[in-house]
Amino acid sequence: MQGILAKRLAALLIALAAGALTLAGCAPTSAPSLSQTPAPTVDNSISAELKPFYEQSLDWRKCSAVVFCTNVTVPLDWNNPTGSTIRLALDFKPATSGKAIGSLIYNPGGPGASGYDFLLESPDYIGSDLIRSKFNMVSFDPRGVQHSKPKVSCLSAPEMDQLLYDDSKTKIGSPEYVAEQRAIWSDFTKKCQKNTGELLEFVDSVSVAKDLDVIRALMGDSKINYLGYSYGTLIGELYASLFPEKVGRMVLDGAIDPTAPDEEANLAQLVGFDKALRAFVAQCLKASDCPFKGTIDDGMSSISSLLLALESKPIETSLDGRKLSASAALTGLIYPLYDETAWPTLATALKDALKGDGTQLLDFADAYNERTPEGKYLSNSTEVNIAVNCLDSRSPSDAKSLAKQNALVLKASPTLGRYWQDGALGCADWPYPVVKKPANISAKGSDQILVVGTTGDPATPYSQAVNLAHHVLANARLLTYVGEGHTAYGRSNSCVEKAVDDYLLRKVVITEDIRC
């Protein structure tokens, strides 16, 4: 359904992240041995009830030629650490030099992205050659995600298809539409609660940040070194606020502003995607085979007309008899906006769709949703994304508030705003309260934090990085990449790579903001 996008678009898309980070290059690696697995740090300040978690023995095993993996036990409820426990999937790749200066913990984003899978499947695509030579590369699946146990589970694959690909049976924005959406999301919530159990209350980002401190200690580091993308920046920000004295080197790329209210963040994101779509159309119009003619506004109008037509008449594809709905087309349109190198393919996809063939746009939607041609879903990222977002922040969903939000999104983007309406309904019946963030988000007392922002970032608008670096964090500098796409380190230019590498490797204290 259209309303899901307002809650999911903060996710760092796995496939695009993989494609982007390959630009960092890779170096041959020798097979590591179990002797390279780290020993936990000993911290006498840890309370007696938490010591079993911070000093637990890990059963490392080899999961590939170069990657080790294990499970980490943490409290289900950090307010009740002597109660039930859960397990987090953790993996690491030893520094290629054989002499690590510490660990660099990586989070690819989400909520719902599997860092465990990313490191296991693409160990040479995180950071640069220099970074991988000096740091043990570490990643994990946050609580509720994929390989961590238990995990969030809500819908069957056919039910997920209905949620993600079926258009509304009523007119968008009508009272009937709102009633339909309320019923759909109420049913989703009930199924999440039934199929996930007690875990569902405790997959919030504050809890993940506390889990991260256990991982830091178990990897043998007195201070954390951290590389977070998109939603991963929020985990880093919360960690720094909870444990400022334990921050070593922290890079927050594609930054989220933790102080922005939910409805404000969603509106900013819509503006970001509208801006990226206009940039795509502008680039497309310069090509001889562009499906649009005239001005940028003319191109945007053509896209609006296509989406409106699909609402009442989905078009054919070559994908096993499936048709392209407006919901799927919107996902397929937005997915490649995360990386401008995909824009030529998007132009072809739109050209085909305007001629009645929705195959490429549906392919894009499937890639975003991690759906296989057989109709299976490769991960539980959609369900985790919704569950975490509903615990972290929530917009009011009464009729008056919905009307106010809808007016703002329609004004912000005549093309995309129609499908941002009523987004608050996704969390309207969530059975657990919003989890409070730390009272002070400034991370006062931390070592310097490097915030990275991209001027044309559609998913985490540049303004959030500016506010985070200049007004929220007490000790931070801003690295600006002037360009398009989501995130910068590993997918932009040598200026960004050198600045980040110098900061991480040489502990360079940045004296002024950097622009690349």
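Is R491 buried or exposed, and what is its relative accessible area? R491 is buried, with a relative accessible area of 6%; here buried means under 20%, exposed over 50% and partly exposed in between, computed with a 1.4 Å probe on protein chains only. The model is predicted, so local features need pLDDT of at least 70 and side-chain atom pairs count only at pLDDT 80 or more, while totals for chains, interfaces and linings use all residues. Residues are numbered from 1 along each chain as its sequence is written, and side-chain values use heavy atoms, with hydrogens and water left out.

**Figure 1. The salt bridge of R491 and E340.** The side chains of R491 and E340 meet in a salt bridge, 2.7 Å from N to O; the term denotes a side-chain nitrogen of Lys or Arg within 4 Å of a carboxyl oxygen of Asp or Glu. This pair links distant parts of the chain, 151 residues apart: R491 lies in the loop between β11 (476-484) and α18 (494-506), and E340 in the loop between α12 (326-334) and α13 (343-354). Helices (H or I, at least four residues) and strands (E, at least two) are DSSP runs, numbered from the N terminus. E340 is partly exposed, at 22% relative accessible area.

Figure 2. E55 and K51 are joined through their side chains at 3.4 Å, N to O. E55 is partly exposed at 38%, and K51 is partly exposed at 25%. In the pair of K323 and E316, the closest N and O atoms are 3.5 Å apart. K323 has a relative accessible area of 46%, and E316 has 43% relative accessibility. The whole structure holds 19 salt bridges.

**Figure 3. The disulfide of C284 and C290.** The sulfur atoms of C284 and C290 lie 2.1 Å apart and form a disulfide, defined as a pair of cysteine sulfur atoms within 2.5 Å. The torsion about their S-S bond is about 110 degrees, so this disulfide is right-handed. Both C284 and C290 are buried.

**Figure 4. The disulfide of C495 and C516.** C495 and C516 are linked with their sulfur atoms 1.9 Å apart. With -65 degrees about the S-S bond, the link is left-handed. C495 belongs to helix α18, whereas C516 is in the segment after β12 (514-515), 21 residues apart. C495 is partly exposed at 32%, and C516 is buried at 15%. A search of the whole structure finds five disulfides.
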